[in-house]
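Subject: Structure handover

Hello,

Here is the model for you to look over. My notes follow below it.

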Amino acid sequence: MEAAGMEELKKKLQDEINALEYELRNELPKEILKARAHGDLSENAEYHAAKERQSLVSARLGQIQARLREFSMVDLSKLPRDRVGLGSQVVVRDLDKDEELTYRLVTSEEADVSHGRISTSSPIGKGLLGKRVGDAVKIQIPGGVRELEVLSLLTIYDAPPPEKLKP
């Protein structure tokens, strides 16, 4: 997660905020007014659907605005240089299955387990945060406990750009 990636993510969130605000302030009020014009609101499905959508959009807008505030407070210069952190690519050995796995720790918005991008808030992501090469960690996951050993690590300071990472 280099600075450019963080800026791209912030822009994506801001674009979604703008779209939701437009819907909340322009489109939904028109739908509600149109539905009210049909008369009895107690049995008016269009009115109830528009009001429910208004509630959902408002809740999502609040979530995204909070997430954007959180990202604005992230100081990339304070990420560790010698331990697993946000943006790190880490190669681990699953000690139970004796197989190597490569993960990149990303934000929850960028997570894609099928491509090895795991969220720092996932059980494995949390378990790996702060670990160094040679550390072994037991991680409780929904399917049981996994024991992983950190074999190699590239932090955001020395990791190749995301398009060059293994999936």
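Asp-15 and Lys-11 sit 4 residues apart in helix H1 (residues 3–36), so about one helical turn separates them. Their side chains meet in a salt bridge, with N to O at 2.9 Å. A salt bridge here is a side-chain nitrogen of Lys or Arg within 4 Å of a carboxyl oxygen of Asp or Glu. Helices (H or I, at least four residues) and strands (E, at least two) are DSSP runs, numbered from the N terminus. Asp-15 is partly exposed at 38% relative accessible area. Lys-11 is exposed at 52%. The cut-offs: buried is under 20% relative accessible area, exposed is over 50%, and partly exposed is in between (1.4 Å probe, protein chains only).

Before the rest, the ground rules. This is a predicted model: local features need pLDDT of at least 70, side-chain atom pairs count only at pLDDT 80 or more, and totals for chains, interfaces and linings use all residues. Residues are numbered from 1 along each chain as its sequence is written, and side-chain values use heavy atoms, with hydrogens and water left out.

More on charges

The salt-bridge count comes to 9. Arg-53 and Glu-23 form one of them, at 2.7 Å, N to O. Arg-53 lies in helix H2 (residues 45–72) and Glu-23 in helix H1, so this pair ties together parts 30 residues apart in sequence. Arg-53 is partly exposed, with a relative accessible area of 38%. Glu-23 is buried, at 14%.

Asp-112 and Arg-117 make another salt bridge; their closest N and O atoms are 3.5 Å apart. Asp-112 is partly exposed at 23%. Arg-117 is also partly exposed, at 31%. Elsewhere, salt bridges link Asp-82, Arg-83 and Arg-132 in a network.

Overall layout

The chain has 3 helices and 5 strands. From the N terminus on, the order is α-α-β-β-β-α-β-β. Of the 167 residues, 36% are buried. The chain exposes about 10100 Å², and carbon and sulfur atoms supply 51% of that. Areas come from the Shrake-Rupley method with a 1.4 Å probe; for residues, only the protein chains shown count as cover. Take the contacts between residues at least 6 apart in sequence: 55% of them join residues at least 24 apart. Contact means heavy atoms within 4.5 Å.

The sheet

Two strands pair if DSSP finds at least two bridges between them. E1 and E5 run antiparallel and are joined by 6 bridges. Val-90 stands opposite Leu-153 in E5.

The cores

Val-90 also belongs to the largest nonpolar core, which has 15 residues. A nonpolar core is a set of buried Ala, Val, Leu, Ile, Met, Phe, Trp, Tyr and Cys residues joined through side-chain atoms within 4.5 Å. Val-90, Val-92, Tyr-103, Ile-124, Leu-128 and Leu-148 have the most contacts inside this core. At least two of its residues come from each of strand E1 (89–94), strand E2 (99–106), helix H3 (123–128), strand E4 (136–141) and strand E5 (144–154).

Leaving out residues up to four places away in sequence, Tyr-103 touches Ser-88, Gln-89, Val-90, Val-92, Gly-116, Ile-118, Ile-124, Leu-128 and Arg-146.

Two loop residues

His-38 is in the loop between H1 and H2. His-38 is exposed, at 53% relative accessibility. Beyond neighbours within four places in sequence, His-38 contacts Asn-44 and Glu-46.

Asp-98 is in the loop between E1 and E2. Its relative accessibility is 55%, so Asp-98 counts as exposed. Phi of Asp-98 is near 50°, a positive value in a residue other than glycine. Most residues other than glycine have a negative phi.

Best regards
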